[in-house]
Amino acid sequence: MELVVNGENTRLKGPLTVEGLLKVLGIDPETVVVELNLKILKREDHREEALNSGDTIEIIQMVDGG
């Protein structure tokens with residue numbers, strides 16, 4: 001499966017959900033916002049949202065500031 005993740009072409013074995021992608025990438029789902037094909041996903045939808053070859057995903061990490 002070929003995806004564009006944060007602007008980079010990425011090839012992964014599928015099928016994958018958004019939650020599965022985050023696990024593969026070693027990202028804590030509680031610390032990010034995910035945009036799939038220009039649509040912001042609710043965190044509770046990560047488990048069931050299936051990815052398809054050609055999808056574009058932006059993963060935005062939340063940072064505490066001061």
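In which sense do strand β3 (residues 32–36) and β4 pair, and over how many bridges? The points below take up this pairing and then the rest of the sheet.

1. This is a predicted model, in which local features need pLDDT of at least 70 and side-chain atom pairs count only at pLDDT 80 or more, while totals for chains, interfaces and linings use all residues. Residues are numbered from 1 along each chain as its sequence is written, and side-chain values use heavy atoms, with hydrogens and water left out.

2. Strand β3 and β4 pair in the antiparallel sense over 2 bridges, and I40 in β4 is the bridge partner of E35. Here two strands pair if DSSP finds at least two bridges between them, and helices (H or I, at least four residues) and strands (E, at least two) are DSSP runs, numbered from the N terminus.

3. The 5 strands form an open sheet with mixed pairing, in the order β2-β1-β5-β3-β4. Because β2 (8–11) and β4 (39–40) each have a single partner strand and stand at the edges, one side of each is left without a neighbour in the sheet.

4. Strand β1 (residues 2–5) pairs with β2 in the antiparallel sense over 4 bridges, and the two form a hairpin with 2 residues between them, where N6 in the turn has a positive phi of about 50°. V4 stands opposite N9 in β2, and the bridge partner of V5 in β2 is E8.

5. With strand β5 (residues 56–61), β1 pairs in the parallel sense over 2 bridges; in β5, I57 is the bridge partner of V5.
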